[in-house]
Amino acid sequence: MSDIQIVGAPAGVEGAGFFATSLDKAVGMARANSLWPLPFATSCCGIEFMATMASHYDLSRFGAERLSFSPRQADLLMVMGTIAKKMGPVLRQVYLQMAEPRWVMAVGACASSGGIFDTYSVLQGIDEIIPVDVYVPGCPPRPEAIIDGFMHIQDLVRTESTRRRETPEYQKLLSSYGIQ
Amino acid sequence: MGKITNEELLNNINTQFGDRVTVVGEPFGLLTLETTKEQISDLLGFLKNSPVLQFIYLTDITAVHYPEQELTIGVIYHLHSLVNNVRVRIKVFIDGENCHIPTATNLWEGANWMERETYDYFGVIFDGHPDLRRILNVDDMTAFPMRKEFPLEDPNRVDKKDYFFGR
């Protein structure tokens, strides 16, 4: 008997020979369990991410074993490490190249707030230039924390409407960053 | 030990420059001289091209900001004579508002990036430099971050505001 766990069906109406649920739930379930992360790793949090991806912590259990090093195929931008002000436009460009739906996770103190680098050359949190969905605290965070943050992203993906990009709140958020 | 002592080095400089170069001190055996921006090109050229001294290697150019002094910016040159195994440090103090000093790129190609860095952080303008623009910081930066009046902490920082700590 295999102990592989399979994601349970979303809430719906079940009967003889049919199962009905809303498209939002089915799509959300599919998306949440096949997120393609783009690791934007600039420093030590990236080392923790390597551990998270490796066999011991194994992020692929969550359907994220396919790292996308092209932003065009990525669903989740994971920013891990200090972002210098000179790197800011590069990060923003990577975010702009991602297709909707897209999510952003700021891993570690530096990506979230600038961390110990409260100085002229370092961006004081990536949310100065791009919107962030989940912040993971820690300097660096342990792989468990990164996985916890990833599971929060999954919750967002599972429960958000299929066309988040068309909601007025999301449009407003993006325009506050000068995007679109 | 170097092949020439600081005393011999100083005698060589004094016969050429006299009182236009002054000795600041000799901390840790490193002869430290001070001169003016009018003399610095001649002095560097002499030290490099003198067949006896042969300071052919430019170790570093940097600057220091002393807001309490009349001439607020000190430009510091470190030279190394690989032949004689001896080093020397030269200081030039210039006005912080009108920060001009002649370039050393005509003597050492390596001075190019050192002067760009010094310009980037202190706003020292090296006259005659072929391409004096910022080298490390973002191009649209308007301040010179190593000057003392520049705030140490980034003003955009939000999580260290006093009201988070009941102050």
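Predicted model: local features only at pLDDT ≥ 70, side-chain atom pairs only at ≥ 80, totals over all residues.

Reader: Good to know. Which strands make up the open sheet in chain A, and in what order?

Author: It has 4 strands in the order 3-4-5-6, with parallel pairing. Strands are DSSP runs of E with at least two residues, helices are runs of H or I with at least four, and both are numbered from the N terminus. Two strands pair if DSSP finds at least two bridges between them. Strand 3 and strand 6 of chain A are at the edges with a single partner strand each, so one side of each has no neighbour in the sheet. On average, neighbouring strands of this sheet are turned by 20° against each other, direction ignored. Angles run from 0 to 180 degrees between N-to-C directions, with axes fitted to C-alpha atoms, for helices over the stretch in contact.

Reader: And which helices lie on those strands?

Author: Helix 2 of chain A packs on the sheet, touching strand 3, strand 4 and strand 5 of chain A, and its direction makes about 140° with that of strand 3. Helix 5 of chain A lies across strand 4, strand 5 and strand 6, at about 160° to strand 5 of chain A.

Reader: Is strand 5 of chain A mostly covered or exposed?

Author: Mostly covered, as 5 of its 5 residues are buried. Buried means 20 or more other C-beta atoms within 10 Å of the residue's own, exposed means 12 or fewer, and partly exposed is in between, with C-beta atoms placed from the backbone. A:Trp103, A:Met105 and A:Val107 are on one side of strand 5, and A:Val104 and A:Ala106 on the other. Strand 5 pairs with strand 4 of chain A in the parallel sense over 5 bridges, and A:Leu76 has A:Trp103 as its bridge partner. From strand 4 the chain crosses through helix 3 to strand 5 of chain A in a right-handed β-α-β crossover. Right-handed means that, with the strands pointing away from the viewer, the path from the first strand over the helix to the second runs clockwise.

Reader: Which residues touch the most other members of the largest nonpolar core?

Author: Of its 36 residues, those are A:Leu76, A:Leu77, A:Met78, A:Val79, A:Met105 and A:Val107. A nonpolar core is a set of buried Ala, Val, Leu, Ile, Met, Phe, Trp, Tyr and Cys residues joined through C-beta atoms within 7 Å. Another core, of 34 residues, lies apart from it and includes B:Val21, B:Leu44, B:Leu47 and B:Ile90.

Reader: Over to chain B, then. What does its secondary structure come to?

Author: Chain B has 3 helices and 7 strands, running α-β-β-α-β-β-β-β-α-β from the N terminus. In chain B, 5 strands form an open sheet in the order 1-2-5-4-3, with mixed pairing. Strand 4 and strand 5 of chain B run antiparallel, joined by 9 bridges, and B:Val75 has B:Val92 as its bridge partner. Helix 1 of chain B packs on the sheet, touching strand 1, strand 2 and strand 5, with its direction at about 20° to that of strand 2.

Reader: One last thing: where is B:Thr103, and why is it counted as partly exposed?

Author: B:Thr103 is in the loop between strand 6 and helix 3 of chain B. It counts as partly exposed because it has 19 C-beta neighbours inside 10 Å. Leaving aside neighbours within four places in sequence, its contacts include B:Ala111, B:Glu115 and B:Phe126.

Definitions and conventions. Residues numbered from 1 in each chain as written. Chains lettered and ligands numbered in written order. Contact = placed C-beta atoms within 7 Å.
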